[in-house]
Amino acid sequence: MSTLEPYGALPWTAWFDVARNFSVVAIGQAITWTASFLFTLAQARYLSPTRFGELSLALSIAVMLGVVVDFGLGTKLARDVAKRPDAAGQALLASFAVRVALWCLAMPLAWGGTVILGYDPELQASILILAASLLIGGFASSLSAYFQGREAFLFPSLGSIAQRGSAALLGIAALAMGHGIVVVSSVYVAATLVQVLVMIPGMRKHPISSTILERGAVVDMFRGTAVLGCFWILGAFYYNVDMIILQRLVPPENLAWYAAAYRLFNASAMVVGFALGTVLYPALSRLSVDSRDTLRHALERSFSFALACGMFLAVTIVLTADQLVALLYPAHDYAQAANTLRLLAPGLVGMYANGIFFLTLIAMGSERRLLLMAATLALLNPVANVLVIPLLQQNGAALVTSATEIIVFLWVLAATPKDLRSAARPAVALKVLVAATGAAASLLLMREWSLFICVPIAGIVYVTVAVALGIVPPQDLRAVQSRFTRRTATRGLDAGSEAAVADGVARAESRVA
C-alpha cells in the first residue's frame, strides 16, 4: 500500500489540496484577526469601560439577529454547492431572496427589543445600525458560502481582509477623533459593503448558470434550512445571552471586564478553528456521500490537529492571562479580566474538540440530532447565568460558558455515529495532555520573560513532544516528506531527466511502504 493513500483514507493529493486551501484561509484569517484585534484594543483604550461594554453588548445582539437573518442559509448553501454544483446558481439566488425576507422580520424585532429593555438612545441607535447592516452582511455571507462550496477560498479571504481591515482603519480613526459607539457601529456598515464589492469579481471565475430566480428553489431553500435555522438561532441565543444578563445584573465595569476577556476568548477560538472549519466543511460534505472509512480516517487526522491546537491555546491563556490583559488593555481598568479569561480557557478545549464532529454531523445532514441539544442549552444556560452571576459576577458567566462548551462536546460526540465516534481516540487525548504538561512547565519556568519569547519557546516544546509521542502518525510524516521530496526533485531537474526522477521517487516510496 502506498503511503500517499494510507489506510484507505483521503488520498494525500487531496490532503495537500486541503492544506493549500487551509493556508489561504489561515493567512487571510491571520490578517483579519490582527486587524480586528487592533480595533478591539483601540475601542478599549479610547472608550470608557462603560461604553466599551455597551458596544460589546450591541455586537452580541447583532450576532443573535445575524443568525436570524442567516437562518442556516450559509451552511446549507455551502453543502448544496459542494454536493450539487450544477444547481449552485439557483441555490445562491434563493439564499439571497430568503435573507431579504428574514431581514425584514428581524428589524422590527431589533427595535422592539431595544425599547422593551430600556436601552439609552446611543446604545439603541448602535444596535439598530448594526441590525441594518445585516442585509449587506447577508449578501456577503451567501457569496462566501457559494465560494466555500466550490472550495474557492481566495475571494472570501480577500473580502474578509477588506472588511476587517477597513473597519479597523476607519474605526480607529473615528475613535481617535473622539467619536462614540454610534459612529463605530456605522463603520461596520461601510466595511461590510466593502467586503461585498471585493468578492463580486470572483463571480467571473465561478459564474452562475442562470439569473432567473425560480419560486420552487426559494421554497426548497427555506424548507431545507428550517432545522438548521432553528438550531443556529438557539445556539446564538445561549452563546450570547450572558452579555444581556450581565448588563442587567452587574455594574457596567463588570460587563466591560467580561467583554474584554470574551473578545480574547473569541479571538482564540478563531485562530485555527475558523480556518479549519471553513476548509474542511465542503470536503466533509463530499466525503459524507463516499466511503465511511475514508470519512473516519479524515476525522482522526482532523481531531488530533484540532485538539492539539485547542489544548495549547488553553494552557497558554491560563498561565499568561495576567500578562495578556496587561499587554492588550489599560491595566488599571481591565486587570479583573484576567481571572475571567482563565475561566473561559477550558471552553476552548471543548470547542476545538467538538468542532470536527459537529461539522461532520452538519455535512451529513444530521442537524436534527443537534436540535434537542440546542433547545436544552437555550433553557439551561440562561438559568445558570441568572443563578451564578449574582454570586460571581463576570467570573460566573465565564464558568457557565466553559461548562456549556464541555456539555456541547459530550453531546455532539454522543450524537455522532459509533463508527465515526471512534476517531476521538483516548490515546490521542492522553498524548496531547502530556505535550501540554511540557508546554506548561516551560511557561512556568519562563514566567518572568516576555510573552514574545516564552510563548514561541513553549510552542516549540509542545510540537516537539507531540511529534515524539506520535500524535501525528509516523507514516503520515513519511508521506509528507516523500511528497515534498518528489516536488523538489521534479522542480530541480529539466524535462530530459524526468524518467530518472520518477524512478527515484518510486524507489523512495517503495522503501517507505
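**Figure 1. Tyr238, Tyr239, Asp242, Tyr262, Asn381, Asn385, Val400, Thr401 and Thr404 line the second largest cavity.** This is a predicted model, in which local features need pLDDT of at least 70 and side-chain atom pairs count only at pLDDT 80 or more, while totals for chains, interfaces and linings use all residues. Residues are numbered from 1 along each chain as its sequence is written, and side-chain values use heavy atoms, with hydrogens and water left out. On a 1 Å grid over the protein atoms alone, a cavity is a set of points where a 1.4 Å probe fits but cannot get out, and lining residues have an atom within 4 Å of a point. The second largest cavity has a volume of about 50 Å³, meaning the space filled by probe spheres set on the points, which are joined across faces, edges and corners. Helix H15 gives the most to this lining, with 5 residues. By type, the lining has 4 nonpolar, 4 polar and 1 charged (Ala, Val, Leu, Ile, Met, Phe, Trp, Tyr, Cys and Pro count as nonpolar, Asp, Glu, Lys and Arg as charged, and the others, Gly among them, as polar).

**Figure 2. Here we look at threonine 404 in helix H15 (residues 368-415).** Helices are DSSP runs (H or I, at least four residues), numbered from the N terminus. Threonine 404 has a relative accessible area of 6%, so it is buried (under 20%, with a 1.4 Å probe and protein chains only). Leaving out residues up to four places away in sequence, threonine 404 touches Tyr238, Leu377 and Asn381 (contact means heavy atoms within 4.5 Å).

Figure 3. A pocket is an open set of points with protein on both sides within 12 Å along at least five of seven lines. Among its 15 lining residues, Ile61, Met64, Leu65, Leu109 and Ile244 lie nearest the centre. Helices H2 (49-70), H4 (88-116) and H10 (226-249) each give two or more residues to this lining. The lining counts 13 nonpolar residues, 2 polar and no charged.

**Figure 4. Phe52, Tyr329, Tyr334 and Tyr462 touch the most other members of the largest nonpolar core, which has 119 residues.** Such a core is a set of buried Ala, Val, Leu, Ile, Met, Phe, Trp, Tyr and Cys residues joined through side-chain atoms within 4.5 Å. Helix H12 (residues 292-328) provides the largest share of this core, 16 residues.

Definitions and conventions:
Buried < 20%, exposed > 50% of the residue type's maximum accessible area, 1.4 Å probe, protein only.
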